[in-house]
Amino acid sequence: MLSATRLLAVARKEWIQLRRDPRSLILAFVLPVFLLLFFGYAITWDVKEIRLALLDADATRESRELVQAFEASGYFRVVARLDAPGELDRLLVRSRVTGALVVPRGFARDLAARRTAPVQLLLDGSDANTATIALGYAEAIVAGHSRRVLLQGRRLAMPLAAEARVWYNPTLESRNMIVPGLVAVIMSIIAAMLTALTIAREWERGTMEQLAATPVHRLEVVFGKLLPYLLIGAFDVALTVGAGLVVFGVPFRGSVLLLGGMTLLFLLGALGLGIFISAVMKSQLLATQVAMVATYLPALLLSGFLFDIAGMPPALRAFTLVVPARYYIAVTRGVILKGVGIEALWVQGLSMIIFAAVGLGLATAAFRKRIV
Amino acid sequence: MMRSLQLRRRSSVVGRLKTDDRRPTTDDFPLRRVLALVRKELRQLFRDPKTKRIVFVSPVIQLVLLGYAVNTDVRNAATFVVDLDRTPASRELVDVLAAGGQFRVVGRSERPADLGAALDAGRALLGIEIPRGFAADLAAGRGARVQLLVDGTSSNTATVAQSHATRIVQQYGQRYAAARGAALPGGVELRGRAWFNPDLSSRVYNVPGVIAMVLMLMALLLTALAVVRERELGTLEQLMVSPITPGELMLGKTIPVAFVALIDLLLVAAVAVFWFGIPLRGSVVALLLGASVYVLAALGLGLLISTVSRTQQEAFMTMFLCFMPLIVLSGFMYPIQTMPALFQWLTLLNPVRHFLEIVRGVFLKGEGVADLWPQLLVLTAMAVGVLRFATARFRRTVG
């Protein structure tokens with residue numbers, strides 16, 4: 001019943017059509033590289049060299065030591081020295097500095113008298129993310145400095161210390177987070193933007209009847225149309241992961257085979273969904289827009305790629321359960337960074353199989369209705 | 001190939017017709033032609049109830065969705081506890097950790113291996129291991145230790161979670177020591193205070209940014225397809241044989257969308273203020289002025305895309321390819337400060353960046369026109385430049 005020849009013929013036709021459409025090709029091959037470079041080079045949340053204004057009203061050896069501890073950490077750089085608090089206002093509003101360290105008069109005297117010596121860190125809270133991280137660094141620096149000052153010449157320990165260790169990404173580099181997540185986003189773009197066109201195009205150009213008149217089976221059409229995009233998708237994954245390893249030094253700790261298998265399942269599901277949307281919408285423009293909303297945006301925003309799912313409100317959190325990219329990102333991070341196998345990822349694997357089945361099922365079902 | 005040939009031939013005919021027909025008459029002042037086109041565009045836009053929904057409902061949905069999703073605060077982070085000490089003190093420490101709402105205990109065990117498995121499977125983001133003898137060390141002032149394990153695969157969440165957890169543990173130790181009179185007196189204490197956003201809520205920072213993004217998307221979507229649609233439907237020729245000039249045509253295409261986008265601005269700003277409770281501290285006039293020029297710049301960009309595309313599909317793809325870098329290099333979600341110098345320079349060419357500064361300035365910092373004039377000026381220059389370029393380009397493609 002099913003014939004490989006017919007399936008390949010559909011695939012070849014689709015490939016030729018794709019080759020003639022330069023902007024689709026740009027999307028397929030240039031966008032992944034572009035996204036990788038953008039996210040890999042331009043974007044980082046690694047907060048370093050926070051620009052600080054300094055108001056040292058004490059101007060003693062002790063206060064200078066504290067400032068030195070800030071600068072030596074590498075996280076802060078004093079870019080302005082102020083004489084009066086009034087100037088700070090201007091600097092913060094103009095975003096010249098991210099914060100200001102204020103050492104009040106009497107700092108050294110308080111320290112010598114064994115009274116608590118307060119210092120103040122004023123932060124530009126309008127960038128909450130940077131400010132939170134900066135505050136965390138500052139607290140660690142001050143706590144360390146305080147300990148050194150207190151323990152000078154004494155043998156006493158802190159009452160309680162937390163030893164933090166970061167697994168999988170010890171230096172907390174955002175590149176290591178970005179590359180595995182990006183794979184899922186790129187897959188979604190390929191699926192959404194490219195396959196969404198395939199069947200709608202046949203409708204718009206009136207070639208659907210011709211396709212229906214040929215002896216080709218609907219499964220052959222669906223899989224034939226899938227095949228070129230599947231190859232492009234697989235190529236893009238290899239490209240992204242490869243570039244991540246070679247250019248950005250992201251470690252690959254797990255099994256290539258496992259990642260490959262999961263990617264195949266995810267791609268099948270996503271491409272099936274794209275074809276389904278295309279078959280239902282019948283218009284290229286509508287199909288791309290719907291596909292973008294249905295697959296690309298959730299993959300970017302609701303998958304845990306950039307934003308933590310646990311912090312979202314319950315309704316949104318529940319919705320992320322049906323976002324396939326969420327599971328796929330857990331797989332890419334698990335395999336690439338954690339080096340875990342199927343024993344840790346079987347839930348995701350199961351979701352991936354369901355997704356592939358649903359995607360392909362929908363695509364085939366939607367297609368049958370139209371042809372018969 | 002055939003198609004483009006045909007197109008070229010057709011447009012040359014159009015060009016001839018246009019020059020023949022353009023004899024300005026005395027009773028025909030330019031504004032009337034523009035107004036007629038504006039009326040036509042508005043009618044076309046609102047004839048379809050689906051478009052009305054896209055234009056007015058989808059920005060609000062986008063703002064609500066993004067406002068909740070785009071969030072870098074750490075809340076309810078899944079935490080796995082391995083308590084080998086099993087004393088009141090160790091239980092109290094875990095309670096304190098979970099009390100702030102940042103961490104939620106999802107599992108407990110007495111085997112450290114379970115903690116590793118929970119992190120491996122992604123069931124937990126943070127693990128805390130309290131060693132045997134914790135309470136005894138704490139009571140004796142010997143310097144008790146606990147271990148925190150953080151899943152670093154999501155580096156920004158991990159950074160924030162680690163710093164919160166460390167702080168909570170240290171504060172617990174200090175309180176414990178102080179309660180027993182065992183604390184060392186003195187020392188340096190940091191008092192952090194955040195301006196403009198005292199709770200350091202990331203929503204306050206992100207929602208104004210979403211406004212800029214939503215406006216850009218709306219303006220691009222509505223204009224990028226405008227000219228191409230006329231071309232595809234074949235109505236561009238009709239427009240060309242009418243006495244309208246390319247400049248007037250551009251104006252007629254721009255005004256209705258600018259009008260719609262400003263209504264969208266009011267809608268999303270209202271949602272930001274009344275739904276998300278983002279304070280609006282600064283000058284509304286500055287916001288409106290900024291939004292007007294920003295929307296014009298966005299429209300110019302959309303029209304430019306429209307004039308270089310042959311089909312709606314091409315226009316959509318081009319729009320998508322432009323939209324990504326505009327957002328990524330704007331300072332929305334990703335700080336500009338940490339980008340390499342080259343990218344920092346590039347952001348200066350990005351209208352979204354300048355409008356973001358206006359939106360955040362007005363919403364968070366309480367600024368007005370007096371503070372934001374450089375951004376307003378830059379945006380105005382961009383709007384004029386892009387619109388002029390789009391018109392010139394359009395004249396060339398039809399002429």
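**Entry 1: pairing across the chains.** I began with the strands and found that β4 (residues 117–124) of chain A pairs with β5 (residues 188–195) of chain B in the parallel sense, over eight bridges. I then looked up one residue of this pairing: A:Leu123 has B:Ala194 in β5(B) as its bridge partner. I note that I am working on a predicted model.

**Entry 2: the interface.** I next listed the contacts between the chains and found 91 residues of chain B in contact with 85 residues of chain A. On the chain B side, helix α7 (residues 155–179) supplies the largest share, 18 residues. I sorted that side by class and recorded 46 nonpolar, 30 polar and 15 charged residues.

**Entry 3: chain B as a whole.** I counted 16 helices and five strands in chain B. Of its 399 residues, 48% are buried. I also checked the contacts in chain B between residues at least 6 apart in sequence, and 79% of them join residues at least 24 apart.

**Entry 4: the core.** I looked up the largest nonpolar core, which has 238 residues. B:Leu215 and B:Ala219 are the residues with the most contacts inside this core. The element that gives the most to the core is helix α7 (residues 174–205) of chain A, with 19 residues. I then followed B:Leu215 and set aside its neighbours within four places in sequence; the remaining contacts are B:Ala261, B:Asp264, B:Leu265, B:Ala291, B:Tyr294, B:Val295 and B:Ala298.

**Entry 5: helix α2 of chain A.** I turned to α2 (residues 22–42) of chain A, which bends by about 45° at A:Val30. Within four residues after the bend I found a proline, A:Pro32. A:Pro32 is also among the buried residues of α2(A), together with A:Leu27, A:Ala28, A:Leu36, A:Phe39, A:Gly40 and A:Ala42. I asked what covers the buried residues of α2(A). The cover includes α7 and α9 (218–246) of chain A, and from chain B it includes α13 (312–328) and α14 (341–347).

**Entry 6: A:Leu111.** I located A:Leu111 in helix α5 (residues 107–112) of chain A. Is this residue, A:Leu111, buried or exposed? I recorded A:Leu111 as buried because 23 other C-beta atoms lie within 10 Å, where 20 or more are required. Lastly, I compared A:Leu111 with A:Val149: the two are 38 residues apart in sequence, and their C-alpha atoms are 8.4 Å apart in space.

Technical notes: Residues numbered from 1 in each chain as written. Chains lettered and ligands numbered in written order. Predicted model: local features only at pLDDT ≥ 70, side-chain atom pairs only at ≥ 80, totals over all residues. Contact = placed C-beta atoms within 7 Å. Helix = DSSP H or I, 4+ residues; strand = E, 2+ residues; numbered from the N terminus. Nonpolar A, V, L, I, M, F, W, Y, C, P; charged D, E, K, R; others polar. Pairing = 2+ DSSP bridges. Buried ≥ 20, exposed ≤ 12 C-beta atoms within 10 Å, placed from the backbone. Core = buried A, V, L, I, M, F, W, Y, C linked by C-beta atoms within 7 Å. Bend = angle between axes of the 7 residues up to and from the residue.
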